[in-house]
Amino acid sequence: MSATAHSSDKTYTVIWIWLMVLLLAGVGLAELKVSKQLIVGGVLGLSTIKAVLVAMHYMHLKTDRRLLAFVLIAPLVLVGLALCVVFSSRLVRL
Amino acid sequence: MSTAAHALSAGHAPSHAETQTGIPNGKLAMWLFLASEVMFFTGLIGAYIILRMSNPAWPGSEGHLSVPMGTINTLVLLCSSATIVFALSAAGRNQIATTRKWLLLTIVLGFVFLGIKGTEYAAKFHHHIYPSTNVFWSCYFGMTAFHAIHVIAGIIFNIWVLMYTFSPRLWETRGHRLELAGLYWHFVDIVWIFLFPLVYLL
């Protein structure tokens, strides 16, 4: 096994541990008797961190060509625009 | 090291790929496909959020969803993401037997996820809860069923790549598809990372 491959495996293991910790933290946070907004923001924030960890390290966006990141960002921008239009509607009570 | 092993080293593109972008066509195609899948699932999840926020009397699960089972299922998928990346790493070192072991474990974890999801569905049907029961269960069954279909597709893709590991000739020429299977599997994992809290926790 090469040194590079070994260090990659170590990184993958550390990321896996973080994913487990963040998942359990999210579940624990949802059980707390605090404001609903804090729980929603906290739990979805933790989910976003988990998704970014998977995309950056397991899907190798961190080290791959930048073009692939743009491929991923493009639909997110479109989705953001669509959500802005929808949430500006009076039908949605925020 | 074989061509496929070079290609898979550290999860990068095959060295022989000469394209305008510098990214192998298959890998770029997979990312473009995943981008379209982002739109698909955001449509589903977005519809759920909007329905929920615009409904003053949101019915919710009324205690019929088990957070521990959902948490275990999330743990299973997160573990399977790790196992497939370990398979890719082993392939990069040309350790085919190890690659096969990790890939097999990924497939097993995929089936475990589906088994738990199937158990949950059976419990709902036992309690006469169906997609037509109310808007929450329509969203629940719609989102989780589409996700489960993607898990099944991912398992098939993984089994397909697993078959290559038994043939040195196929592995040499097609082993790089393990990276594509991994990308798809991680995407399925990311979708569940958001579905789980939205449906079970919040």
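## Basis of the model

Because the model is predicted, local features need pLDDT of at least 70 and side-chain atom pairs count only at pLDDT 80 or more, while totals for chains, interfaces and linings use all residues. Residues are numbered from 1 along each chain as its sequence is written, chains are lettered from A in the order in which they are written, and side-chain values use heavy atoms, without hydrogens and water.

## The interface of chains A and B

In chain A, 46 residues are in contact with 46 residues of chain B, contact being heavy atoms within 4.5 Å. Between them the two chains bury about 4000 Å², of which 81% lies on carbon and sulfur atoms; this buried area is the accessible area (1.4 Å probe) that two parts lose on being put together, summed over both.

## Salt bridges

The structure holds 4 salt bridges over all chains, a salt bridge being a side-chain nitrogen of Lys or Arg within 4 Å of a carboxyl oxygen of Asp or Glu. Across the interface of chain A and chain B the rule finds 2. Asp9(A) forms a salt bridge with Arg93(B), with the closest N and O atoms 3.1 Å apart.

## Two helices of chain B

Helix H4 (residues 96–126) and helix H5 (residues 135–164) of chain B have axes that come within 10 Å and cross at roughly 155°, where axes are lines fitted to C-alpha atoms over the stretch in contact and angles run from 0 to 180 degrees between N-to-C directions. Helices are DSSP runs (H or I, at least four residues) numbered from the N terminus. The crossing angle makes H4(B) roughly antiparallel to H5(B), a term for angles over 145 degrees.

Notes: Parallel < 35°, antiparallel > 145°, perpendicular 65-115°, else oblique.
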